[in-house]
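The following questions and answers examine one part of a protein chain step by step. Please consult the sequence and the model as you read.

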Amino acid sequence: MTTATHLRPTRETRLRKASFLPHPADTFPALFALDENAEELWRHSSASHLAATFCRVAELLHTNPDGEMAAGQFQSFVHSFTEVGDSSTAVILGQQVVSTPRPIGTALIVSAPSCDPQTVAENVAAALAARNCVELALFEQPHPSLIAMIAALHGVLPNGVFTVLSEQTGWGGRGPETAIVILTPENAFMNDRPWVRSGATSNRRALMSFYSRLENEPVEV
């Protein structure tokens, strides 16, 4: 008598890519060499490189009949980039500080079923513009405009910077530097941030700040 042995699959440490969507490109020669860490270099990209990347994504989207909406979202961020480490002064609780934005690391974006594709595309663009890696969690077949956006990002960005995640593949996390972002039709909420306004009227710099961590240092008098 033979006894069948069933091995329990090991638990995934992170969500895998949804199988029904385009696969990412392995490299983006305009930004990264073949043997370099694309995720780390993305976090240190210059403003000109980010602008070139977003323009390339928009150009690809313009060639897709379903891509015009997402193309407009990525084009709207092209003139919003600042250089890595650029700081500004602010007053917090009566103390003047130098405030420097840094990437949060990875933004895991989850949208409510009622969330329109434009809001999703806007937040993906903002998170990438803030030099984060982005994981987009999907619970159903995405709208054609989002499929167009995903295809364009996979065609331009190197593997690891933008990933599509599917409920069907199991749940996990990238690590302590992952921020979970819940999108609703009017707001975005991060697990360690208050609600911010989303939608067509959003200030691009404000939304990029939402996807950044601000390092504040007191100004010596």
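Q: Which residues of H2 are buried, and how are they placed around the axis of the helix?
A: In this predicted model, the buried residues of H2 are Ala47, Leu50, Ala51, Thr53, Phe54, Val57, Ala58 and Leu61. Viewed down the axis of H2, these residues fall within an arc of 160 degrees, so they line one face of the helix.

Q: Which helices do the buried residues of H2 pack against?
A: Packing is judged by contact, that is, heavy atoms within 4.5 Å. By that criterion, the partners of the buried residues of H2 are helix H1 (38-43), helix H3 (68-75), helix H4 (117-129) and helix H5 (144-156).

Q: What type of aromatic pair do Phe54 and Phe74 form?
A: Phe54 lies in helix H2 and Phe74 in helix H3, 20 residues apart. Their ring centres are 5.1 Å apart. Planes under 30 degrees apart count as stacked and those over 60 as edge-to-face. The planes of Phe54 and Phe74 stand at 55 degrees, so the pair is tilted.

Q: What type of aromatic pair do Phe54 and Phe81 form?
A: Phe81 is in the loop between H3 and strand E1 (88-92), 27 residues from Phe54. The centres of the two rings are 5.1 Å apart, with 85 degrees between the planes. The pair of Phe54 and Phe81 is therefore edge-to-face, as planes over 60 degrees apart are counted.

Q: Which residues form one aromatic cluster?
A: Phe54 and Phe74 are both buried, and Phe81 is buried as well. Phe54 pairs with Phe74 and also with Phe81. The members of the cluster are Phe54, Phe74 and Phe81.

Conventions:
Residues numbered from 1 in each chain as written. Predicted model: local features only at pLDDT ≥ 70, side-chain atom pairs only at ≥ 80, totals over all residues. Heavy atoms only, no water. Buried < 20%, exposed > 50% of the residue type's maximum accessible area, 1.4 Å probe, protein only. Helix = DSSP H or I, 4+ residues; strand = E, 2+ residues; numbered from the N terminus. Arc of directions from axis to C-beta. Phe/Tyr/Trp six-rings, centres within 6.5 Å; stacked < 30°, edge-to-face > 60°.
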